[in-house]
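Student: I have a new model open and would like to go through it with you. Can we take it piece by piece?

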Amino acid sequence: MPTLAEQHCSACHRDAAPLTPEQIDHLLPALPKWQIVERGGIMQLQRTFTFRNFAQALDFTNRVGELAESQGHHPAITTEWGQVTVTWWTHKIRGLHRNDFIMAARTDEVVHANV
């Protein structure tokens with residue numbers, strides 16, 4: 001079976017069910033640096049990446065943006081001097097979908113290509 005980073009997002013419909021806590025617990029070990037956060041009752045997947053300066057942080061932000069556009073799935077990205085926080089969740093279902101884990105894994109690949 002392909003790793004999460006090797007997979008592509010599938011179309012998610014508004015009536016799709018968010019992942020169950022058991023499904024999240026099954027997928028999360030593949031993303032050891034990511035954490036589950038809850039905002040406004042919505043489960044989200046989040047990680048903060050650190051960089052040596054703003055230029056590197058901005059370059060990473062742009063690369064994640066390109067990845068998001070290519071998959072039609074977009075995170076919240078906060079870019080600051082020396083760090084970028086990326087938060088994935090599926091807006092349509094107000095929770096986590098397998099796509100969010102795929103995109104988190106692919107985001108990890110972007111940071112390794114960035115260093």
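Student: Which residue stands opposite Thr-85 in β4?

Tutor: Keeping in mind that this is a predicted model, Thr-78 stands opposite Thr-85 in β4.

Student: How many bridges pair β3 with β4, and in which sense?

Tutor: Five bridges pair β3 and β4, and the sense is antiparallel. These two strands form a hairpin with two residues between them, and in that turn Gly-82 has a positive phi of about 80 degrees.

Student: And how many bridges join β2 to β4?

Tutor: Six bridges join them, with β2 covering residues 42-50 and β4 covering residues 83-88, and the two strands run antiparallel.

Student: What is the strand order in the sheet, then?

Tutor: The order is β1-β2-β4-β3 in an open sheet of four strands, with antiparallel pairing. The edges are taken by β1 (35-39) and β3 (76-80), each of which has a single partner strand, so one side of each is left without a neighbour in the sheet. From one strand to the next, the twist averages 25 degrees.

Student: Is β4 enclosed or open to the outside?

Tutor: Strand β4 is largely enclosed by the rest of the structure, because five of its six residues are buried.

Student: Which strands does helix α2 lie across?

Tutor: Helix α2, which spans residues 54-71, lies across β2, β3 and β4, and it runs at about 165 degrees to β3.

Student: Switching to charges, how many salt bridges are there?

Tutor: The structure holds two salt bridges. In one of them Arg-47 pairs with Asp-108, and their closest N and O atoms are 2.5 Å apart. Arg-47 belongs to strand β2 and Asp-108 to helix α3 (residues 98-114), so this pair ties together parts that are 61 residues apart in sequence.

Student: Are Arg-47 and Asp-108 buried or exposed?

Tutor: Arg-47 counts as buried because its relative accessibility is 12%, under the 20% cut-off used for that label. Asp-108 is buried as well, with a relative accessible area of 13%.

Student: Which residues make the other salt bridge?

Tutor: Arg-63 forms a salt bridge with Asp-59, and here the closest N and O atoms are 3.0 Å apart. Both residues are in helix α2, where being four residues apart separates them by about one helical turn. Arg-63 counts as partly exposed at 33% relative accessibility, and Asp-59 counts as partly exposed at 31%.

Student: What about nonpolar side chains, and which ones form a patch on the surface?

Tutor: Phe-54, Leu-58 and Trp-81 form a nonpolar patch on the surface, and together they have about 340 Å² of accessible area. Phe-54 lies in helix α2 and counts as partly exposed, with a relative accessibility of 37%.

Student: Where is Phe-51, and is that residue buried or exposed?

Tutor: Phe-51 sits in the loop between β2 and α2, and at 12% relative accessibility Phe-51 counts as buried.

Student: How many Å separate Phe-51 from Leu-96 in space?

Tutor: From C-alpha to C-alpha, Phe-51 and Leu-96 are 27 Å apart in space, while in sequence they are 45 residues apart.

Definitions and conventions
Residues numbered from 1 in each chain as written. Predicted model: local features only at pLDDT ≥ 70, side-chain atom pairs only at ≥ 80, totals over all residues. Heavy atoms only, no water. Pairing = 2+ DSSP bridges. Axes fitted to C-alpha atoms, helices over the stretch in contact; angles between N-to-C directions. Contact = heavy atoms within 4.5 Å. Salt bridge = Lys/Arg side-chain N within 4 Å of Asp/Glu carboxyl O. Buried < 20%, exposed > 50% of the residue type's maximum accessible area, 1.4 Å probe, protein only. Patch = residues over 30% accessible without salt bridge, like charges linked within 9 Å, V, L, I, M, F, W, Y side chains within 5 Å. Areas by Shrake-Rupley, 256 points an atom, 1.4 Å probe, with all protein chains shown as cover.
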